[in-house]
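Please keep the viewer open as you read.

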Amino acid sequence: MNPTPERKKRKRSKKAVAGITAGSLAVLLAGVAALDAYDVFPELPGILTTEPAIEVQDVPSPHAQGKDVPAPASALDDSAPVPTAIPDKVDKILSDSKVKGLGIEIRDGLSDDILYAKNENKPRTPASVTKVLTGSAALLAIGGEKRLSTATEFDPSTATVTLQGGGDSLLGAGESQPGAVNGHAGLATLAQQSAESLKSQGVAEVALDLDTSRYSGKDFSPGWERVDIAKGVITPIQPLMIDTGYVGSKDKEWRGRSEHPAKDAFAVFTKELKAAGITVTEDPQPAESTGDEAKTSTDAKPTELAEVESATISEIVEYALVHSDNVVAEVLGNEVAIAQDQPGSLEAGPQAVLDALSDSVDLGQTHLEDTSGLSYDNQISPHDLTTILQASVVADDSLSDLIAAMPVGGLTGTLTDRFTKDRNAAGAVHAKTGTLSTVTSLAGGVLDADGRYLVFTLQIDDVDKDKILEARKTVDDIVAALANCGCQ
């Protein structure tokens with residue numbers, strides 16, 4: 001049903017949030033690498049697909065040049081006209097499409113007025129659009145400037161160094177790279193700093209231990225298929241891993257992920273600690289304390305040796321959204337739970353995400369089984385998704401980073417090959433994709449031709465597999481129409 005001028009605007013925002021800066025939504029874009037398998041290649045066989053496989057043209061690795069794109073904040077000026085003819089534009093596209101049953105909601109980003117709505121309250125399987133909720137919850141509950149720490153601790157009574165997993169799934173194997181997100185913190189750097197600290201205490205020989213107690217419960221959801229680990233779709237969710245658990249050469253088109261990412265990271269740390277001059281043994285000699293007032297080694301308490309910190313949560317959320325990375329999204333779900341004094345677990349994460357958002361928006365009938373979108377049992381309506389998007393546009397806290405963190409049409413991530421031929425849409429559409437075998441979704445924001453910023457959600461979750469490409473084309477046509485809209 002299309003809204004009439006008399007229709008009362010429905011708002012679900014519980015917080016009065018206002019004010020935004022161009023800096024919070026402006027983005028400087030650079031090329032990105034591997035994309036989420038199911039978001040880009042729906043034909044990949046597995047639990048999330050049906051047989052026979054869907055034939056979808058392969059998407060090449062993106063190599064977009066860095067480019068300044070219009071900041072959504074530049075549209076937040078009441079003098080820019082609000083489009084009034086959007087229903088005519090959208091209805092024409094829908095009537096020409098062979099795909100029926102889309103759920104749609106389009107709103108004005110500043111006023112929250114609903115400009116078009118159709119089947120907007122029906123919960124649907126969102127696929128990777130689920131990451132919009134997860135990213136929003138992480139920004140709100142953890143905070144955009146927060147970093148995750150990976151640390152080492154030394155117990156002189158047993159001469160044991162413990163590597164403590166702190167939730168950084170984007171650790172590098174080598175030295176820390178301050179300018180990177182993936183690899184911002186490096187295990188080689190942590191090992192070198194730990195070795196220096198040990199040597200300063202006169203310790204040259206230690207045993208090693210691994211602490212992954214930050215996360216509890218099962219590390220692999222019963223709704224996922226273990227065969228998808230080898231396909232690079234997911235990995236056991238543990239609080240310590242290198243490069244989100246990927247294994248093999250980065251030059252390969254496809255890479256699998258590890259069955260035991262924390263163990264792999266531990267092995268790398270062990271190697272680097274040895275390279276830094278520390279002997280690692282299963283039977284070390286406890287450290288000897290010296291000095292008149294020194295305690296015996298058996299009385300000494302464990303102390304921190306060194307730590308390395310991840311990129312900021314805002315940067316990690318952007319990584320999860322642009323790359324549509326399921327592992328990072330699930331780790332963020334666990335971290336959202338911890339930030340709310342709940343266990344860091346796959347069981348607690350989905351509800352923790354909803355709880356983190358409940359003070360800002362009413363999510364109606366939204367239900368989550370995971371925080372990445374791999375589960376078909378996730379249910380989100382277009383109205384609830386658009387509510388979060390609009391709240392981010394006018395937010396004055398970390399949530400304001402949300403839309404800027406999404407893939408950009410024709411440039412980055414899962415939108416690299418979309419909107420490339422539309423001058424107004426390319427570089428102006430910021431949106432999160434969602435793709436499963438019978439699902440296509442797109443949720444985000446776009447600056448229209450008159451300078452008004454619009455937010456939108458378009459979903460279909462029960463489309464015939466032979467019409468999935470037509471469904472995606474219909475979605476893209478609608479968003480392109482919004483970008484080109486001088487719809488007065």
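## The open sheet

Two strands pair if DSSP finds at least two bridges between them. Helices (H or I, at least four residues) and strands (E, at least two) are DSSP runs, numbered from the N terminus. With that in hand, look at Thr152, which stands opposite Leu163 in β6. This is a predicted model, in which local features need pLDDT of at least 70 and side-chain atom pairs count only at pLDDT 80 or more, while totals for chains, interfaces and linings use all residues. Residues are numbered from 1 along each chain as its sequence is written, and side-chain values use heavy atoms, leaving out hydrogens and water.

The strands β5 and β6 pair in the antiparallel sense, with five bridges. They form a hairpin with four residues between them, and Ala159 in the turn has a positive phi of about 50°. Zooming out, five strands make up an open, mixed sheet in the order β10-β8-β6-β5-β11. Its edges are β10 (279-280) and β11 (303-312), each pairing on one side only. Strand β6 (residues 160-164) runs parallel to β8 (residues 205-211), and five bridges join them; Gln164 has Asp211 of β8 as its bridge partner.

Which strands does helix α5 lie across? Helix α5 (residues 187-200) lies across β5 (147-155), β6, β8 and β11, and runs at about 160° to β11. Helix α7 (residues 261-275) lies across β5, β6, β8 and β10, at about 160° to β8. For these angles, axes are lines fitted to C-alpha atoms, for helices over the stretch in contact, and angles run from 0 to 180 degrees between N-to-C directions. Contact means heavy atoms within 4.5 Å.

## A helix pair

Two packed helices are described by the angle between their axes and the distance between the axes. Helix α3 (residues 86-96) packs on helix α12 (residues 468-483) at an angle of about 155°, and their axes are 10 Å apart. That angle makes α3 roughly antiparallel to α12 (under 35 degrees counts as roughly parallel, over 145 as roughly antiparallel, 65 to 115 as roughly perpendicular and the rest as oblique).

On the α3 side the contact is made by Ile86, Val90, Ile93 and Leu94, and on the α12 side by Thr474, Asp477, Ile478, Ala481 and Leu482.

## A covered helix and two buried residues

Helix α10 (residues 349-358) is mostly covered, with seven of its 10 residues buried (buried means under 20% relative accessible area, exposed over 50%, partly exposed in between, with a 1.4 Å probe and protein chains only). The buried residues are Gly349, Pro350, Ala352, Val353, Leu354, Ala356 and Leu357. They pack against α4 (130-141), α9 (326-339) and α11 (382-394).

Now find Leu402, in the loop between α11 and β12 (429-436). Is Leu402 buried or exposed? Leu402 is buried, with a relative accessible area of 0%. Not counting residues up to four places away in sequence, Leu402 touches Val132, Ser136, Leu139, Leu321, Ile388, Leu389 and Ser392. Its C-alpha atom is 9.9 Å from that of Ala431, 29 residues apart along the chain.

Gln390, found in helix α11, is also buried, with a relative accessible area of 6%. With residues up to four places away in sequence left out, Gln390 touches Asp108, Gly109, Leu110, Asp112 and Val455.
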